[in-house]
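User: Hi! I have a new model open and would like to talk it through with you. Could you take a look?

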Amino acid sequence: MSEASPWLERWAHLLPANARSLDLACGHGRHTRWLLAHGATVTAIDRDAAALASLPAAVRRIEADIENGPWPLPDDSRFDAVIVTNYLHRPLLLRIAKSVAPGGILLYETFAQGNERFGKPSNPAFLLAPGELLTLADAAGLRVVAYEDGVAALPREACVQRLCAVRPAPGEAAGHVALYELRA
Ligand SMILES: C[S@@+](CC[C@H](N)C(=O)[O-])C[C@H]1O[C@@H](n2cnc3c(N)ncnc32)[C@H](O)[C@@H]1O
């Protein structure tokens, strides 16, 4: 899979300019490249050294096992854009969401309960429970812009949950964002 997720494409207009961004569990970096193409600077984290080695030179690469080792960033690290796709490790969820800086955005998309009937992942540890990303946004003080929970047809049939949430900047209490217009 090399193309960016349509969920990211849908919310690209909300990426802050020159966003300092984090692509967590980046794999071979389809979203790292997507972020670079949108003018962001990228910190990419994964435990797969070969995958990290394939990323463009401009990327700050961090090789780390984030489930079995310490969090590889300073505790106060904040990003204007945090991207997580096709990855779930529950103990890290709140830390991830709290990494969104004021004015920043969290785009999260991964498999959800029910996916067992389509194949892998089927381990409950890797499947979001109904509403779990909404609960996360609330716990982290993020404003939910959009949430989906259903069966995606592409790139293959799968149960997924998708979240787009923002942390309002100071003085922007309502945190209203410009919505993507479905029709001109
Ligand atoms: C299914 S891939 C998703 C890659 C990318 N986010 C995407 O959507 O194309 C999951 C990624 O999580 C990484 N990963 C799994 N467990 C990890 C861990 N404990 N620490 C760091 N990365 C991990 C894997 O190396 C792999 O690159």
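Analyst: Happy to; we can go through the sheet, the ligand and a few backbone details.

User: Great. Is this predicted or experimental, and what is the strand order in the sheet?

Analyst: This is a predicted model. The sheet is open, with seven strands in the order β3-β2-β1-β4-β5-β7-β6 and mixed pairing. β3 (60-63) and β6 (143-152) are the edge strands, each pairing on one side only. From one strand to the next, the twist averages 10 degrees.

User: Which way do β5 and β7 run relative to each other, and how many bridges join them?

Analyst: They run antiparallel, and seven bridges join β5 (residues 100-111) to β7 (residues 158-166). In β7, alanine 165 is the bridge partner of leucine 106. Helix α5 (residues 132-139) packs on the sheet, where it touches β5, β6 and β7. The direction of α5 makes about 20 degrees with that of β7.

User: And what about β4 and β5, parallel or antiparallel?

Analyst: Parallel, over six bridges. Valine 82 stands opposite leucine 106 in β5.

User: How many residues of β5 are buried?

Analyst: 10 of the 12 are buried, so β5 is largely enclosed by the rest of the structure.

User: Switching to the ligand: which residues are closest to it?

Analyst: The closest are Ala25, Arg30, Asp46, Asp65 and Thr85, out of 14 residues that surround the ligand.

User: Arg30 was in your list. Which residues of α2 are buried?

Analyst: In α2 (residues 30-37), Arg30, His31, Thr32, Trp34 and Leu35 are buried. Their cover includes α1 (6-10), β1 (20-24), β2 (41-46) and β4 (79-85). After α2 comes glycine 39, with a positive phi near 85 degrees.

User: What is serine 5 in contact with, beyond its sequence neighbours?

Analyst: Leaving aside neighbours within four places in sequence, serine 5 is in contact with Arg30, His31 and Glu109. Serine 5 lies in the segment before α1, and its side chain reaches the backbone nitrogen of tryptophan 7 at 3.0 Å. The relative accessible area of serine 5 is 3%, so this residue is buried, the cut-off being under 20%.

User: What is phi at asparagine 18 and at asparagine 86?

Analyst: Phi is positive at both: near 50 degrees for asparagine 18 and about 55 degrees for asparagine 86. Asparagine 18 is in the loop between α1 and β1, and asparagine 86 is in the loop between β4 and α4 (93-98).

User: Buried or exposed, those two?

Analyst: Asparagine 18 counts as exposed at 61% relative accessibility, whereas asparagine 86 counts as partly exposed at 35%.

How values were computed. Residues are numbered from 1 along each chain as its sequence is written. This is a predicted model: local features need pLDDT of at least 70, side-chain atom pairs count only at pLDDT 80 or more; totals for chains, interfaces and linings use all residues. Side-chain values use heavy atoms; hydrogens and water are left out. Two strands pair if DSSP finds at least two bridges between them. Helices (H or I, at least four residues) and strands (E, at least two) are DSSP runs, numbered from the N terminus. Axes are lines fitted to C-alpha atoms, for helices over the stretch in contact, and angles run from 0 to 180 degrees between N-to-C directions. Contact means heavy atoms within 4.5 Å. Buried means under 20% relative accessible area, exposed over 50%, partly exposed in between (1.4 Å probe, protein chains only). A residue is near a molecule or strand if one of its heavy atoms lies within 4 Å of it. A polar contact is a pair of N or O atoms within 3.5 Å; within protein, one must be able to donate a hydrogen and the other to accept it, and residues adjacent in sequence count only if both atoms are side-chain atoms.
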